[in-house]
Amino acid sequence: MPDMFVSFLAQEYQINPHYETVKAEADTWMAQQCQYDEKRYEQHIKADFCCFASIWARDAGPEELRTICDWANWVFDFDDMFDEGCFQNNREQVLSRVAALKEVMSTECPAATSNKGDPLLEVFKTVWDRVAERSSKATLRHFVQAMLDYTEGVVGQVDVVHSNEHLDEQHYLAIRRKTIGGAPCYALNE
């Protein structure tokens with residue numbers, strides 16, 4: 001009888017040929033932007049979000065892969081604030097953070113958006129600028145909608161934690177589908 005239960009990583013996977021170069025650049029840049037201390041930097045390197053991105057974007061060119069890696073690095077740090085960080089129980093701060101993110105994606109004049117003092121929003125703005133510059137209108141709309149769904153999920157997650165509500169399986173999965181960040185990955189891969 002064949003072994004039908006195989007881990008998806010048990011098979012040999014392909015990785016983007018630009019992985020090593022892009023990883024070094026992206027990780028160093030993210031650490032500088034977010035002013036990681038040595039411990040945080042080591043955690044970041046160990047997590048290797050660029051490897052994850054290099055597997056699902058194995059055919060991307062070096063510039064495209066860099067944008068995807070920067071987004072992957074950004075989303076994990078951004079998301080941690082709502083999972084375990086300072087915004088976990090503060091809906092007002094979450095709404096403010098999400099509004100700032102939406103402002104970056106909706107500003108007609110990108111140079112007018114100031115995110116000084118907020119390293120993660122600055123990182124996202126650089127990703128947004130690259131995505132907006134290189135994407136078709138359809139792909140850009142897809143990315144924006146995916147990011148809006150993601151932020152809606154983040155707010156929903158914080159609402160649930162704040163209310164101590166116990167979710168049924170369907171409600172939990174509906175929120176989790178949004179907060180996992182999969183849809184923006186698909187849009188970036190376009």
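The legends below describe close-up views of a predicted model. Residues are numbered from 1 along each chain as its sequence is written, and side-chain values use heavy atoms, with hydrogens and water left out. Local features need pLDDT of at least 70 and side-chain atom pairs count only at pLDDT 80 or more, while totals for chains, interfaces and linings use all residues.

**View 1. The chain as a whole has nine helices and zero strands.** Helices (H or I, at least four residues) and strands (E, at least two) are DSSP runs, numbered from the N terminus. Read along the sequence, the pattern is α-α-α-α-α-α-α-α-α. The chain has 190 residues, of which 41% count as buried; buried means under 20% relative accessible area, exposed over 50%, and partly exposed in between (1.4 Å probe, protein chains only). Contact means heavy atoms within 4.5 Å. Taking contacts between residues at least 6 apart in sequence, 67% join residues at least 24 apart.

**View 2. Cys 50 and Cys 69 are not joined by a disulfide.** A disulfide is a pair of cysteine sulfur atoms within 2.5 Å. The closest cysteine sulfur to that of Cys 50 is in Cys 69, at 3.4 Å, which is too far for a bond. A search of the whole structure finds zero disulfides. Cys 50 is buried at 0% relative accessibility, and Cys 69 is buried with a relative accessible area of 0%.

**View 3. Asn 16 lies in the segment before helix 1 (19-34).** Asn 16 is buried, with a relative accessible area of 2%. Its side chain reaches the backbone oxygen of Ala 57 at 2.9 Å. This is a polar contact, defined as a pair of N or O atoms within 3.5 Å; within protein, one must be able to donate a hydrogen and the other to accept it, and residues adjacent in sequence count only if both atoms are side-chain atoms. Not counting residues up to four places away in sequence, Asn 16 touches Ser 54, Ala 57, Arg 58, Asp 59, Ala 60 and Leu 65.

**View 4. Helix 4 covers residues 62-83.** The expected span of a helix is 1.5 Å times one less than its number of residues.

**View 5. Phe 52 and Trp 56 form an edge-to-face aromatic pair.** Rings of Phe, Tyr and Trp (its six-membered ring) pair if their centres lie within 6.5 Å; planes under 30 degrees apart count as stacked, over 60 as edge-to-face and the rest as tilted. The structure holds eight aromatic pairs. For Phe 52 and Trp 56 the distance is 5.9 Å centre to centre, with 65° between the planes. Both residues are in helix 3 (residues 49-56), four residues apart, and so are separated by about one helical turn. Phe 52 is partly exposed, at 40% relative accessible area, whereas Trp 56 counts as buried at 19%.

**View 6. Trp 74 and Phe 78 form a stacked aromatic pair.** Their ring centres are 4.7 Å apart, with 25° between the planes. Both lie in helix 4, four residues apart, about one turn of the helix. Trp 74 and Phe 78 are buried.

**View 7. Arg 40 lies over the face of Tyr 36.** The distance from the ring centre is 4.9 Å. A charge sits over a ring if NZ of Lys or CZ of Arg is within 6 Å of the ring centre and within 35 degrees of the ring normal.

**View 8. Gln 35 and Asp 48 each have a positive phi.** Most residues other than glycine have a negative phi. Phi of Gln 35 is near 50°; this residue is in the loop between helix 1 and helix 2 (38-47) and is exposed, with a relative accessible area of 68%. Phi of Asp 48 is also near 50°. Asp 48 is in the loop between helix 2 and helix 3 and counts as buried, at 17% relative accessibility.

**View 9. Ala 187 lies in helix 9 (residues 182-189).** Ala 187 counts as buried, at 3% relative accessibility. Ala 187 and Leu 140 are 47 residues apart in sequence and 7.9 Å apart in space, C-alpha to C-alpha. Leaving aside neighbours within four places in sequence, Ala 187 is in contact with Thr 139, His 142 and Phe 143.
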